[in-house]
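Work through the exercises below with the sequence and the 3D view open. Try each task before reading its solution.

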Amino acid sequence: MFERFTRGARATVKGAVAQAERAGADSVTEEHLLLALLEQEGGRTSFAVTSLGLHDRRASLDAAFAEARRRGGLTRADTDALADIGIDIGAIVSRVEGAHGEGALAVGRGGRRWWSGHRPFAPGAKTVLENSLRVALGRGDRFIGEEHLLLALTAKPGVVADVLAEHGATHATVRRALYGPDADGGQGHAKAG
C-alpha cells in the first residue's frame with residue numbers, strides 16, 4: 001500500500017514517526033499523524049488546514065490532546081455516555097492523579113523501547129492508513145495523498161476526530177475545504193470507517 005502514497009503522504013508518515021519520537025511515545029498514533037499533517041507545507045491539504053484555521057489553533061489542539069490523554073484516551077462521547085449513567089470521569093481522573101500523580105492515566109507515553117529501535121504504529125493509526133486507501137478509492141484516485149489521510153482521520157471515530165470537530169474540522173468541512181462546495185461531484189461520500 002505504501003507504494004501508492006504520494007511524496008507528501010510519505011513525508012507525513014515519516015513526520016508522524018518523528019512526532020512520536022519527540023513526544024517519547026511508545027507507538028505512532030492518529031494524533032501523531034495529524035500533527036505531522038499540520039507541519040506539511042504547500043499542496044491542497046496545507047491549504048485546507050489553513051483555511052479551517054487549524055494552523056492558528058495549534059496550541060488549542062495540543063491542549064485538547066493533552067486533556068484527552070489525561071482522561072485515559074476517552075473521547076468526549078465516552079465521557080458524556082459515562083456521565084449519563086452517573087460516572088464522573090473528571091472526578092475519577094482527579095482522584096487517581098491525587099493518589100498517583102498528574103498524568104497517571106495518560107495513554108501513549110512511556111519509557112518502553114522496542115528492541116529494533118522503531119516505533120510501531122498503534123492499531124488506530126494503522127486503521128487510518130488503511131482507511132486512507134478506502135477514501136482514495138472512493139474518490140476514484142489511484143494514489144494516496146495527504147488529503148486522503150486527513151479525511152480518514154476525520155472519518156474514524158475517536159479522540160482525533162472529536163478534537164478536530166471541536167475545532168470546526170468535521171469530515172464534511174474538511175472535504176469542502178479540500179475539494180470545494182461541490183465536494184461530492186457525483187462521486188458519492190467516501191467515508192471510511
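Contact here means heavy atoms within 4.5 Å. The model is a predicted one.

**Exercise 1. Decide how far helix H8 is enclosed.**

Step 1. Take the range: H8 covers residues 146-155.

Step 2. Count burial. 10 of the 10 residues are buried, so H8 is largely enclosed by the rest of the structure.

Step 3. Name the packing partners. The buried residues of H8 pack against helices H1 (7-23), H2 (30-39), H3 (43-51), H7 (123-139), H9 (159-166) and H10 (171-179).

**Exercise 2. Describe the largest nonpolar core.**

Step 1. Size it: the core has 40 residues, and Leu34 and Leu54 have the most contacts inside it.

Step 2. Trace the sources. H1, H2, H3, helix H4 (58-70), H7, H8, H9 and H10 each supply at least two residues of this core. H2 gives the largest share, six residues.

Step 3. Inspect Leu34. Beyond its neighbours within four places in sequence, Leu34 is in contact with Phe65, Leu150, Leu153, Val160 and Leu164.

**Exercise 3. Survey the rings.**

Step 1. Search for aromatic pairs: the structure holds zero.

Step 2. Search for charges over rings. Arg139 lies over the face of Tyr179, at 3.5 Å from the ring centre.

Terms used:
Residues are numbered from 1 along each chain as its sequence is written. This is a predicted model: local features need pLDDT of at least 70, side-chain atom pairs count only at pLDDT 80 or more; totals for chains, interfaces and linings use all residues. Side-chain values use heavy atoms; hydrogens and water are left out. Rings of Phe, Tyr and Trp (its six-membered ring) pair if their centres lie within 6.5 Å; planes under 30 degrees apart count as stacked, over 60 as edge-to-face and the rest as tilted. A charge sits over a ring if NZ of Lys or CZ of Arg is within 6 Å of the ring centre and within 35 degrees of the ring normal. Buried means under 20% relative accessible area, exposed over 50%, partly exposed in between (1.4 Å probe, protein chains only). Helices (H or I, at least four residues) and strands (E, at least two) are DSSP runs, numbered from the N terminus. A nonpolar core is a set of buried Ala, Val, Leu, Ile, Met, Phe, Trp, Tyr and Cys residues joined through side-chain atoms within 4.5 Å.
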